[in-house]
Amino acid sequence: MMQICFEVPGPPRGKGRPRFARRGNFVKTYTDAATASYEDQIRFYALQAMGNSEPLKTALEAFIYVRLPVPQSYSKKRTEACLSGLERPCKKPDLDNIIKSMMDGMNGIVYEDDDQVVDLHSTKRYAINAGVDILIKEKE
């Protein structure tokens, strides 16, 4: 059974809303620059993890562990509560938007399309080092 594990360091970013631009009689939909840049970063780390392997073609299970930085404005006591897991990050970026960025960034690299993911396990926590840990494995 094949599995891919990698980390995307740095503060996670949620998928931005699609943008629209009028081009003559047509409307073009595009992704904002910040989201596109973050998805490029995800692709970079996914490519490193995959090496020369082909994208997976079977049903998959994804584990996504999101590590957010503790806000600098928090007191020492509150920071300790965040890092020990007593206080959870109930604020932006939304977990589902982070997952959308991750899944779109791995399309065509880790798997052919994100519709292959049939089980998804995700968690959002505070941590000293911000980033996202990703494990994709073939479903048994």
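Predicted model: local features only at pLDDT ≥ 70, side-chain atom pairs only at ≥ 80, totals over all residues.
Axes are lines fitted to C-alpha atoms, for helices over the stretch in contact, and angles run from 0 to 180 degrees between N-to-C directions.

**View 1. The whole chain, for orientation.** Residues are numbered from 1 along each chain as its sequence is written, and side-chain values use heavy atoms, leaving out hydrogens and water. The protein chain has three helices and six strands (DSSP runs numbered from the N terminus: H or I of at least four residues, E of at least two). Read from the N terminus, the order is β-β-β-α-β-α-α-β-β. The C-alpha trace spans about 50 × 50 × 25 Å along its principal axes.

**View 2. Where α1 meets α3.** Helix α1 (residues 33-50) packs on helix α3 (residues 95-106) at an angle of about 55°, and their axes are 8 Å apart. On the α1 side, look for Tyr38, Glu39, Ile42, Arg43 and Ala46; they meet Ser101, Met102, Asp104, Gly105 and Met106 of α3 (heavy atoms within 4.5 Å). Sorted by class, that contact has five nonpolar, two polar and three charged residues (Ala, Val, Leu, Ile, Met, Phe, Trp, Tyr, Cys and Pro are nonpolar; Asp, Glu, Lys and Arg charged; the others, Gly among them, polar).

**View 3. The cis bond at Pro93.** Lys92 and Pro93 are joined by a cis peptide bond, with omega at about 5°. Pro93 sits in the loop between α2 (76-84) and α3. For context, most peptide bonds are trans.

**View 4. Lining of the largest pocket.** Arg13, Gly14, Lys15, Gly16, Arg17, Pro18 and Thr35 line the largest pocket, along with Lys92, Pro93, Asp94, Asn97 and Lys100 (a pocket is an open set of points on a 1 Å grid over the protein atoms alone where a 1.4 Å probe fits, with protein on both sides within 12 Å along at least five of seven lines; lining residues have an atom within 4 Å of a point). Its lining comes out as two nonpolar, four polar and six charged residues.
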